[in-house]
Amino acid sequence: MTEFEHPQHPDITEAMWQEVDKIIEAHQGKPGSIIAVLRECQNAVGYLPVPLMDHISQGLNLPRSDVFGVASFYSLFSLEPKGRHLIKVCTGTACYVKGIKEVISRISNEYHLEEGCTSEDRCFSLESVRCLGACGLAPVMVVGDNIYGDVKADKVLGILKQYT
Ligand code: FES
């Protein structure tokens, strides 16, 4: 256990805090371990809320600015909660021409979900990407590991329903 108290946070259970403490302990005193610690703590909690990063900075005896700097620099780290299903919509040229904008606005309206955000019930996160390399299938959407081609605005909600 680290000697620091666990701050209250609705997304971090006591079991998660204990896991976090084990991770910190395993890396204490080892230089250059901040990325590994952040990655493992993110796996334990799902993302990196501010009180968790404060706890890590105390536990590793590193300046808060170092921990926050690394966490916000690397795209593999998320400072916001993520949905259970990540929707990637392609906004590359082929998908754009074939109507991905309408697909995105259907998703946004239905789930009150902006690009780069997570729905309130944490079911979906929505990201746009430049080209998924499957332009022949445009417009393209990926949900988790599943790729969907020729996605039309009037079909997309039916596809997403199966994930709710
Ligand atoms: S532009 Fe969408 S897959 Fe290439």
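Me: Which helix does Ile 35 lie in?
Reply: Ile 35 lies in helix 2, which covers residues 34–45. Bear in mind that this is a predicted model.

Me: And what patch is Ile 35 part of?
Reply: Ile 35, Phe 73, Tyr 74 and Leu 76 make a nonpolar surface patch of about 400 Å². Ile 35 itself counts as partly exposed, because its relative accessibility is 34%.

Me: Switching to pockets: how much space lies in the largest pocket?
Reply: About 260 Å³. Its lining has 18 residues, and Phe 77, Ser 78, Glu 80, Lys 82 and Glu 127 lie nearest the centre.

Me: What's the lining like by class?
Reply: There are 7 nonpolar, 8 polar and 3 charged residues in the lining of the largest pocket. Strand 2 (residues 124–129) gives the largest share, 3 residues.

Me: Nice. How many salt bridges does the structure hold?
Reply: It holds 4. One of them joins Asp 11 and Arg 122, with the closest N and O atoms 3.0 Å apart. Asp 11 sits in the segment before helix 1 and Arg 122 in the loop between helix 6 and strand 2, so this pair ties together parts 111 residues apart in sequence.

Me: Which residue does Asp 54 form a salt bridge with?
Reply: Arg 64, and the closest N and O atoms are 2.5 Å apart. That pair links helix 3, where Asp 54 lies, to helix 4, which has Arg 64.

Me: Is Arg 64 buried or partly exposed?
Reply: Arg 64 is partly exposed, at 44% relative accessible area. Asp 54 is partly exposed too, at 24%.

Terms used: Residues are numbered from 1 along each chain as its sequence is written. This is a predicted model: local features need pLDDT of at least 70, side-chain atom pairs count only at pLDDT 80 or more; totals for chains, interfaces and linings use all residues. Side-chain values use heavy atoms; hydrogens and water are left out. Patches are made of residues with over 30% relative accessible area and no salt bridge: like charges are joined within 9 Å, nonpolar side chains (Val, Leu, Ile, Met, Phe, Trp, Tyr) within 5 Å. Accessible areas come from the Shrake-Rupley method with a 1.4 Å probe; for residues, only the protein chains shown count as cover. A salt bridge is a side-chain nitrogen of Lys or Arg within 4 Å of a carboxyl oxygen of Asp or Glu. Helices (H or I, at least four residues) and strands (E, at least two) are DSSP runs, numbered from the N terminus. Buried means under 20% relative accessible area, exposed over 50%, partly exposed in between (1.4 Å probe, protein chains only). On a 1 Å grid over the protein atoms alone, a cavity is a set of points where a 1.4 Å probe fits but cannot get out, and a pocket is an open set with protein on both sides within 12 Å along at least five of seven lines; lining residues have an atom within 4 Å of a point. Grid points are joined across faces, edges and corners, and a volume is the space filled by probe spheres set on the points. Ala, Val, Leu, Ile, Met, Phe, Trp, Tyr, Cys and Pro count as nonpolar, Asp, Glu, Lys and Arg as charged, and the others, Gly among them, as polar.
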